[in-house]
Amino acid sequence: MELAKTFDPKTAEDRWAQLWIDRGYFKAGSTNDSPDRDKVFSIVIPPPNVTGQLHLGHALNVTLHDVIVRMRRMQGYNTLWLPGTDHAGIATQNVVERELAKEGMTRHDLGREAFVARVWQWRETYGRKILQQLQRLGASCDWSRERFTLDPGLSRAVNTVFVRLWDEKLIYRERALINWCPRCETALSDLEVDRRETTGSLWYIRYPFADGSGSITVATTRPETMLGDTAVAVNPDDERYSDSLGKLLTLPLTGREIPVIADSSVAREFGTGAVKVTPAHDFADFDLGRRHNLAQISVLDTHARMSENAGAYQGLTREEARKRIVADLEALDLLEKIDPHKLALGVCSRCDTIVEPMLSFQWFARTQSEPPSGDAEPLAKPAIRAVRNGDTTFHPKFWENTYFNWMEHIHDWCISRQLWWGHRIPAYTCARCGEITVAIDRPGQCAHCGGADLKQEDDVLDTWFSSALWPFSTLGWPDEDAPDFKTYYPTSLLITGFDIIFFWVARMMMMGLFATERVPFKDVYITPLVRDQFGKKMTKSRGNVVDPLEIMDRYGTDAVRFTLAQLSVQGRDLILSDDRLAASRAFANKIWNAARFVLMNLEGAESDIRPIAEIKDQLTLADNWILSKLDQAVDEMQRYAGKYQFNVAALVVHRFIWHELCDWYIELAKEPLRAGGEEQLITRSVLVHCLDQLLRLLHPFMPFLTEEIWQTLRPYIRELNVAPHLAIAQFPSVPDSGVIGLRLPRWLDNDGQQSMVKSLIVAETVNSLRSLVSHHPGARINGVVRFSNPDDAADFGTWKSYAMTLGKLASLNILSDSQPRPAAMIFSPFEWGEVGIEVPDGFDYDKARANLKKKLDETETHLQRNEQRYANPGFRAKADPETVEEIANNIERLKQEGKTLENQLATLG
Ligand SMILES: [Zn+2]
Ligand SMILES: [Zn+2]
């Protein structure tokens, strides 16, 4: 069997992705049933929104998941990677509302039931697109266990948790001020409100004293809400107002009387030091109003139009009302002045409408506040403890500080949303007694009076409520005996972006600990942020967003995956560039060509290949060396991937394949392969073994390419019960020495290692001299080597054929201490002595030196320029951190280049 001349990613990807799924290889507990209870590895996917379209963040996330999951599966773990999607309440509702708008309709035209049916229909048609895109990436999820947050089982988990929280008094209902989107007509959590910097105005308005003794001027950014004022507040230490405290003011335009009160939260420097207090329309005023028992007068309705409490202004929009009120105040001579004022407007993260603080009945979960009675503690407390105790560990560890910081300053979580798409709150109000009954299934009667006329709450739960249960609701909980829950919970690892630590990770911790009394995952790996080649964040407005599907088409999925893994340095941003992608594609081609070379040399040898164990005594130094390098790669790849140091794991595999195997061993193998007989047979067997093992090692990074090659190699593999496909083949392993971190030197002792390293370094030195004096790359030339220590020379003599092969030398004489350097040769020192090669006829030293000197000058000029920039404090204060880092890297690189050029100049003499 032979491999095609070049690798065609497209056909290989489609073929293998489908075959692996058809064969059920990714089904947990089926192919690799392990009797060992400790050998379970489980992970749940961060469920993408049903509205989702694959972006680079997903591609990175899924790649890193798949590297770990495929490795664990091949290592014989009972491995589960559970996929699924999130109903994404407000996001999905908005998508379908936009569709309706095109037909000239709103959701109210359809009514709740028909609208929800329409969203389900949308979900059936489009909701799996994102999962198909994950399959294209090679994601080895157990597709038979796909879940959706609105599945019946998951909905049951939602209701169960809600009821338990209610019973523990960890859920309460309260009239409170919340962020309200007047367009979406729903409450929003703080996290769903974006801040937009803008320049508004500060209006200075005179409020006359009721007794006619003058007035107080207040400064406000929102004159239209003054109709809901219930006090004017000043700082108790502000002497300007000490005489006014307790007096009454007449609220302009309404005639209502309001008191002047003192509260230490008032900033004396803001405006006039006197502020209007509008508890129904401002968060700070809401708290202040509670402290002073002020009335809450809501003057806006749910569409942000002026309500009946706004008197003559009823029915106006916020903007119209503001204009009218300002004009009316001016007419009454109550407007003192208007100043420009910078402020951060809250806007809805889904639809960009200005958010209104709104007074309404909402449901809250006690993440922070103590319940009024009972033994339960607020949800954040155990979640903080679990990370402090190390039950759950973040990688990189510094994210734990972010987590603690947020959890320690958390507010109670507003869990109700006035949407139609989502889990409807399982609370029922009795028409007879007005009490609330909370139940998993619709109750037949009121728990308080037995009345049968019950109306379910209209609100649905915040979409993150169900996502918070994802690690166990997907495994069969609340049935504690569900086999999946018993086997796979708690999960082993969570991989996610830092942007949802609060939205999701923190809430999973809280809900997991509440519902199951165990942490939902042992490790949390926070993925790096992907930036473009200039270190800039990828945003639509910059136009630098990379579409993963497009680069998968261009470079092949394996190359994209390898690049993302290779660039995932813990705690650093990931800088993606075409160069890196092209390098990964070149790497894929290098492997393909090496495999083709090996397979071509196996023609007709199928029955000759021996297991390595059988030919152990016949191996050459080079054979033993490559096998020991393979051991090292296996050991390091597993260790680093196990610590989620994906970049190092990828580097280890890359180094072994590119340098040790392709550059060195395969070159050395050519001669014994030509020699025929026993020598050829041994080399063939070693090549088969190395290729087989490296494909297994590389499979988690590049599943398609490796499977494609491995299928062709498979008939030569000498293993009992060799797997039908690489996806479920056994992962390479190194015998344990019993001492952590210490490998057994299975193949080479120290002396052997040294001998090989000397040959390689001599060859490398020869090759850099070759390019310095511009020998034709294919030319066979003469060389010499001199060792400072005569013992080294004796040993080297045994193995010098390696250095000759790799350095393409016609001869290689070993000079003794006393022998002079031969004429017409150029020398370079190396660790154990010096190496020389002949100089080509007519080589112009002066010209070569001049060339190098010119390069060196250029490098130094560049270096100086970069160093000056870096040293300039003005530049460093202004430039963004990426640019500063780029300059620092330039300096490092230029210094290195300068050193190399100086060495070369010295060599030329
Ligand atoms: Zn909105
Ligand atoms: Zn009742």
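Two strands are taken as paired if DSSP finds at least two bridges between them. The legends below describe a predicted model, in which local features need pLDDT of at least 70, side-chain atom pairs count only at pLDDT 80 or more, and totals for chains, interfaces and linings use all residues. Residues are numbered from 1 along each chain as its sequence is written, chains are lettered from A and ligands numbered from 1 in the order in which they are written, and side-chain values use heavy atoms, with hydrogens and water left out.

**Figure 1. The mixed sheet of strands β26 to β29.** Four strands form an open sheet in the order β27-β26-β29-β28, with mixed pairing. Its edge strands, each pairing on one side only, are β27 (809-815) and β28 (825-830). On average, neighbouring strands of this sheet are turned by 20° against each other, direction ignored; the axes are lines fitted to C-alpha atoms, and angles run from 0 to 180 degrees between N-to-C directions. Strand β26 (residues 781-787) and strand β29 (residues 833-838) run antiparallel and are joined by five bridges. Phe787 has Gly833 of β29 as its bridge partner. Strands (E, at least two residues) and helices (H or I, at least four) are DSSP runs, numbered from the N terminus.

**Figure 2. The site of the zinc ion (ligand 1).** Cys181 (SG), Cys184 (SG), Cys348 (SG) and Cys351 (SG) coordinate the ion at 2.2 to 2.4 Å. Donors are N, O and S atoms within 2.8 Å of the metal (3.2 Å for Na, K and Ca); water is not among the atoms, so sites may look incomplete. The angles among the four donor atoms are 103 to 117°, and the site is tetrahedral; for four donors this term requires all angles to lie between 85 and 135 degrees. Along the chain the donors follow the spacing C-x2-C-x163-C-x2-C. Cys181 and Cys348 are both buried, that is, under 20% relative accessible area (1.4 Å probe, protein chains only).

**Figure 3. The site of the zinc ion (ligand 2).** The protein donors here are Cys430 (SG), Cys433 (SG), Cys446 (SG) and Cys449 (SG), lying 2.3 to 2.4 Å from the ion. The arrangement is tetrahedral because the four donor atoms subtend angles of 102 to 115°. The donor residues are spaced C-x2-C-x12-C-x2-C in sequence.

**Figure 4. The largest nonpolar core.** A nonpolar core is a set of buried Ala, Val, Leu, Ile, Met, Phe, Trp, Tyr and Cys residues joined through side-chain atoms within 4.5 Å. The largest has 123 residues, and those with the most contacts inside it are Leu576, Met637 and Phe701. Helix α20 (residues 646-675) provides the largest share of this core, 15 residues. Not counting residues up to four places away in sequence, the residues that Leu576 touches include Leu56, Val530, Met538, Ile551 and Leu581; contact means heavy atoms within 4.5 Å.

**Figure 5. The surroundings of helix α22.** Helix α22 (residues 703-713) is largely enclosed by the rest of the structure, because ten of its eleven residues are buried. Among the buried residues of α22 are Phe704, Leu705, Ile709 and Trp710. The buried residues of this helix pack against α1 (9-22), α2 (56-74), α6 (129-136), α17 (557-566), α18 (578-600) and α21 (677-698).

Key:
Four donors count as tetrahedral if all angles lie between 85 and 135 degrees; four count as square planar and six as octahedral if opposite donors are over 155 degrees apart and all others between 65 and 115; anything else is irregular. Buried means under 20% relative accessible area, exposed over 50%, partly exposed in between (1.4 Å probe, protein chains only).
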